[in-house]
Each structure stands twice: as structure tokens, then as C-alpha cells.
Amino acid sequence: MDKIVNCLYRRPEALFRLICFPWAGGGSIHYAQWGKHFTSLIEVYSIRLPGRETRSKEPITQSIEQLIEEISSVLLPCLKEKPFAFFGHSFGAYLSFATAALIQKNHGLEPVHLFVSGASAPHQSPARYPIHKKSDLPDDEFLKWMTSIGGTPSEILANKAILQMFVPVLKADLRLVESIRYEKPQDKLFTCSISSFDGKDDVPHDLEAWSDLTSGEFTIHKLPGAHFYLKEPDNEKFLIAYITKHLETAEVHYL
């Protein structure tokens, strides 16, 4: 459990668990720190993937199916304990969706709310499948792209030794995203609410298509900033307040 889940602020008496999935190349620390900002009713679990942090010596996963199977098998016991929600940004949005879909299919469990950020819906759309894959770019062009979207600390971009470790992990995560091919479902997959967030200055994403996946409430929110808008303090405060409100007022029919 501790290998995959980073929980810095344990709240065993919490009524809800918020499980956060990292962006491409990301670790678990950013979301683990969110735990201190939520009320005692919400415990935050941050997912730690292979190839980074305490799992840095593990091989990077080459299969999205293998990755979500590992995550879901570890999470399943705690998901049965109390209501949970998923949050994911960019790559994390797809990972959270795929994990939720697998758990729903195999175990009949679903989040009380799915919060997705900075990503088109997983099924077919021009915004979802660009002609040129970012993971295929030469390293120099890839670094220019990384710089253009922001979010990567300048000390990483300026340190060649760190980049040699970071870039392969980021490219591997992007290959997983680019490998996802998901058709629009004939029937709604979920009954839970889905909230979709994006930076106003980010590249266009097909946010509306997330509504195809649920019979529950669907909302879109655009906040100031580009792809990593959620790192801005005011936007982070908005997200935490929004998530808190929607979990604490969730209509829960559980077990």
C-alpha cells in the first residue's frame, strides 16, 4: 500500500477519500501536500507510479492495462471501506478514468465524484489524437515543448543530469496516454458527477465529451492560466474549496 499510495496527512476517521493521480512525469508529493488543506472529513491519497521517488529503481510501466490493474488491486480494500473520489490532471485524468472504469466493471464500485483536469475526454475526438505524438519528438524539441507548457521547475530544465532521468519517465507516460483508444460508450459508464477543469490559456481540450460517460451531473470550469494552471495558489484554493464542497454535500448511497 505505502509503495503506491502517499498519504502524508492520515485521517482514519474521515468520511471520504480523495485519490489523486499524477500528471505525466509527475510524482506523488504535490497532491500528498493537498492533505493539509482539506477538512477532517477528507483524507487524501496520492498515487506514486513506478520509475519515480521511492520507486525510482522500478522499471517504467509500458502498459496502461498493467498500470491500472496494479493501482486498482492495491486501492480496492480501502475503496470498499468508505466513499471515494478521484482527481487527475492531464495524464492523471486518463489514469483516474481508466481506474474508475476498471473498478466499476469488475467490482461494481464507482467514485462519488470524478474530477478531471487539463484533458480531453478519452474517446475519439480531434483534440484527443493529435497528428504528431509528443513522445516521438527529438529531445531538443521535446524540451522546447516542455518549456512552452510550463509547470516544470526551472532548476530541472537547467540541470542536464536531472533531465536525463526525468525526460524518459515523462515520455513513457505520454506514450501510455497516446496508446489509449477508447470508443464512445453506447451506455453511460457512471452515475456519479463529473467535473472538468482547464486553464483558459491551455491548448483546446474536448471537455464537453466527458459528459458522454455519466448519467450524473456534469460541469465545466475554466480557470486563469495555461496547462499547469492548478499550480497557481488562487486556482489551487478554488479546486480544494470546490472539491471539499462537492464531497461534503455528496448524496452518498454506499454499501
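**Close-up views of a predicted model**

**Figure 1. Ser90 and its backbone angle.** In this predicted model, Ser90 is found in the loop that runs between strand S4 (84-89) and helix H3 (91-107). Its phi is positive, at about 60 degrees, although Ser90 is not a glycine. To put that angle in context, most residues other than glycine have a negative phi. The relative accessible area of Ser90 is 17%, which is under the 20% limit, and the residue therefore counts as buried.

**Figure 2. Glu53, in the loop between strand S3 and helix H2.** Glu53 is another residue that has a positive phi without being a glycine, and here the angle is about 55 degrees. The loop that holds Glu53 lies between strand S3, which spans 42-47, and helix H2, which spans 64-79. Is Glu53 buried, partly exposed or exposed? The relative accessibility of Glu53 is 30%, and because this value falls between the limits of 20% and 50%, the residue counts as partly exposed.

**Figure 3. Helices H4 and H6, where they come into contact.** The view shows helix H4, made of residues 139-149, together with helix H6, made of residues 160-179, whose axes come within 12 Å of each other and cross at roughly 80 degrees. On the H4 side the contact is made by Asp139, Phe142, Leu143, Trp145 and Met146, while H6 contributes Leu163, Phe166, Val167, Leu170, Lys171 and Leu174. When the residues of this contact of H4 with H6 are sorted by type, 9 are nonpolar, 2 are charged and none is polar.

**Figure 4. Aromatic rings around Tyr31.** The structure as a whole holds 14 aromatic pairs. In one of these, the ring centres of Trp23 and Tyr31 are 5.7 Å apart and the ring planes stand at 65 degrees, so the pair is classed as edge-to-face. Trp23 is buried, with a relative accessible area of 12%, and Tyr31 is also counted as buried, at 1% relative accessibility. Tyr31 forms an edge-to-face pair with Phe87 as well, with 5.7 Å from centre to centre and 70 degrees between the planes. Which parts of the chain does this pair of Tyr31 and Phe87 link? Tyr31 belongs to helix H1 (residues 29-32) and Phe87 to strand S4, so the pair joins distant parts of the chain, 56 residues apart. Phe87 itself counts as buried, with a relative accessibility of 0%.

Figure 5. Ring pairs link Trp23, Tyr31, Trp34, Phe38, Phe87 and Phe228 into a cluster. At one member of this cluster, Phe228, the side chain of Lys231 lies over the face of the ring, at 5.3 Å from the ring centre.

**Figure 6. His113 in strand S5.** Strand S5 is made of residues 113-117, and His113 lies in it. With a relative accessibility of 5%, His113 counts as buried. Apart from neighbours within four places in sequence, His113 is in contact with Phe84, Ala85 and Phe86, with Cys192, Ser193, Ile194 and Ser195, and with His246 and Leu247. Although His113 and Phe190 are 77 residues apart along the chain, their C-alpha atoms are separated by 9.7 Å.

Figure 7. Phe84 is found in strand S4 and counts as buried, at 1% relative accessibility. The C-alpha atom of Phe84 is separated by 7.2 Å from that of Ile19, a residue 65 places away along the chain. Ser193, in turn, is found in strand S6, which covers residues 193-199. At 18% relative accessibility Ser193 counts as buried, because the value is under 20%. Beyond its neighbours within four places in sequence, Ser193 is in contact with Val112, His113, Leu114 and Glu217.

**Figure 8. Ser211, in the loop between strands S6 and S7.** The loop that contains Ser211 lies between S6 and strand S7, the latter spanning 218-223. Which residues does Ser211 touch, if those up to four places away in sequence are not counted? They are Lys188 and Phe218. A separation of 25 Å lies between the C-alpha atoms of Ser211 and Ile47, which are 164 residues apart along the chain.

Notes:
Residues numbered from 1 in each chain as written. Heavy atoms only, no water. Axes fitted to C-alpha atoms, helices over the stretch in contact; angles between N-to-C directions. Helix = DSSP H or I, 4+ residues; strand = E, 2+ residues; numbered from the N terminus. Contact = heavy atoms within 4.5 Å. Nonpolar A, V, L, I, M, F, W, Y, C, P; charged D, E, K, R; others polar. Buried < 20%, exposed > 50% of the residue type's maximum accessible area, 1.4 Å probe, protein only. Phe/Tyr/Trp six-rings, centres within 6.5 Å; stacked < 30°, edge-to-face > 60°. Lys NZ or Arg CZ within 6 Å of the ring centre and 35° of its normal.
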